[in-house]
Amino acid sequence: MIGVDVGGTFTDIVRVRDGEIETIKVPTNVKDTYKGVLAGASEASAGSAHVFNHASTHGLNALITRRLPKIAFLTTFGHRDMLDMARALRPPEAVTNPHWRRSFSDVSRPIVPRYLRRGIKERLSAAGKVVVPLDEQQARHELEVLRRCRVEGVAICLLNAYVDGAHEERLRALVREILGDVPCSISSEVSPLALEYARASTTTVDVICKIIYGNYSDRLRKGLAELGFRGDLNFADCAAMLAPVDVAMSQPSRILFSGPAAGTMACAHLGRTISQPNLLCADVGGTSCDISVVTGGEPVVNTSFELEHDLIISALSNEVVSVGAGGGSIVRIGPAGELRVGPESAGADPGPACYGRGGTEPTTTDAFLLMGILDGERFAAGRSRLDPELSKAAFENLDSRFQFADRVRFAHQMALNNVAEGITDVVVKNGIDAREYSMVAFGAAGPMMLPAILDHLPLKSVIVPPYPGLFSALGLVSADQVHADKRSAYRLLEATAAEEIDAIYGRMEASMRAALGSDAERAQFVRSFDGQLVGQVWDTPLVPVPAGTITPDAVGQMITNFHDAYEQRSGNRFSATPVQGVTYRLHAVIPTDKVAYPAPARRTSRDQPRPRDIITLRYLEGDEIEAGEYQRAELLCEDVVTGPAVIREPLSTTFVGLGQVATIGTAGEIVITRVTD
């Protein structure tokens, strides 16, 4: 099996063959991303693989940077400004700012310029009845305008189309007739849900992704075939669930955020392997720390996510919160003389000062190098050398009254405080007890930075997984193949609703079984619904629904399940208040082979490992301290390393602090805990 996680700087590749895990890291080809993937695939001998699972930030980066194709947006006449109005909400930090503007409005960088947003004369009622018939002559006129504008794709979102998509389907036929074979997405297929703006936003992003990923996936398939690959090509979605390439490309908006989601899935799979069901996952890269939660062995999943404020995608996604604290976070002096770390980052180019690529501002990586935790001579498996003199000069050039040692020490402490604050926010938001959770520290900088969090938060432990620098790619060989469908229908949950709800699930399952073919026999069908207390305007998502025919008793169980889920999320229970179903969801889960972590050998004697070297650490507390230096490959199961210590491996460094102890677990993980009296 091969898993590939395409990032903005590097492409991470994991190959699992005969139970052995091998990792490969190649530079990402920014202009032609597929070329970097194929180069890594060739190195990983993709021709002999039976599964190739893929995650990418390609489309996400295009949206963020606005390197977008020219598309059009069709909606009901009088509502062409739907995309610009969005939800008419401001983020908290902009509530009192009269100059704030939405990042994708007509005054800044619109996703679709206003002249390409066209109104179509038609109207359906909320019950799906035709109020104004579709005016095909007027629609043809608008499409002729778009043809002359040479648009590359069309998004269609008509009011109330989630109830009946007939008008959208006819418009799509007219698009093909007049504009030819351009990508076209309709909201009744992409996001058949209530709330017009979320449908419109999702559908617009979907057609953009069809253009971006269409050529990419075709070239990737062709290149893999030339390498001899004859297996299954899957793309991960925003919840790190796998879908065959053709299914993924039919609605590619679902795969936008797959990279960060894969890291959460890797944590969940590792947690099940080592009997750690409750985990806080922290992926520390160069720019940010991405934090997510696994409870009871399963990631916390949302029904939508934001790419930017108000740029919404209605798709299941692992809940990931980003904090501006990474290895490249820049250390600066604020207007009051205070020392700040992040959220600005030096990125990969020019990178931290110690990279020697022209960066002059100090970063957290420079701090760890000066402290002695990083080995500048063997950085990135020996492919790079870090220059501590450049780091020293960068800190010395700060306009600050702090002594040099304090600058480095405070930079380290502030970086930790930023992450600790972000984790605390996630803990409070999810209503969990940090004392019942361990943290998985991964990403290139996670094992180096995060064990010290044990001095800030009452976590059970910090776990450094195998291959932490490429751990997200391991999530791509830790997931099942999942097909999903959903339908919105506002319906009071009562005995008389059983037949209608059963019909909704029946239609979705019949359609899904037909699409799956022979795979339907081994698929597990899982139902859920999003509901709300009558009078509410927000939903409680993914409430379990009983299998089998939906009877009045099953509806009663749905109501009970809703109140249980509502209480779990909000801490309150309103059993006397009626419940309204909003969205009904169906998943077909097809089990796939997953990576297995081989257990490391055990030491034949009772002797504990000895450090390969003794190194000096500076600026941690005040005085210099000595620490043992270990190689992770030499540590065996149940070995114990007492801090302060540094454990090195080719693409990561683990720092075990003073008063901490590290134990090697049954899957090769490093479990770091506080020393107890």
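**View 1. Left-handed crossing of helices α10 and α12 in the predicted model.** In this predicted model, helix α10 crosses helix α12 with left-handed geometry. The residues that form the contact are Thr364, Ala367, Phe368, Leu370 and Met371 on the α10 side, and Phe404, Val408, Ala411, His412 and Ala415 on the α12 side. By class, eight of the contact residues are nonpolar and two are polar, with no charged residue in the set. Helix α10 spans residues 364–371 and helix α12 spans residues 404–430; their axes come within 9 Å of each other and cross at roughly 120 degrees. The pair is therefore classed as oblique.

View 2. The whole structure contains zero disulfides. For Cys281, the closest cysteine sulfur belongs to Cys267 and lies 3.5 Å away, which is too far for a bond, because a disulfide requires the two sulfur atoms to be within 2.5 Å. Cys281 is buried, with a relative accessible area of 1%. Cys637 is likewise classed as buried, at 5% relative accessibility.

**View 3. Arg378 in the loop between α10 and α11.** Arg378 is located in the loop that links α10 to α11, the latter covering residues 388–396. The residue is partly exposed, with a relative accessible area of 44%. Leaving aside residues up to four places away in sequence, Arg378 touches Ser384, Glu629, Gln631 and Arg648. Arg378 and Leu651 are separated by 273 residues in sequence, yet their C-alpha atoms are 9.6 Å apart in space.

Definitions and conventions. Residues numbered from 1 in each chain as written. Predicted model: local features only at pLDDT ≥ 70, side-chain atom pairs only at ≥ 80, totals over all residues. Heavy atoms only, no water. Axes fitted to C-alpha atoms, helices over the stretch in contact; angles between N-to-C directions. Helix = DSSP H or I, 4+ residues; strand = E, 2+ residues; numbered from the N terminus. Parallel < 35°, antiparallel > 145°, perpendicular 65-115°, else oblique. Left-handed = near helix turned anticlockwise from the far one by under 90°. Contact = heavy atoms within 4.5 Å. Nonpolar A, V, L, I, M, F, W, Y, C, P; charged D, E, K, R; others polar. Buried < 20%, exposed > 50% of the residue type's maximum accessible area, 1.4 Å probe, protein only.
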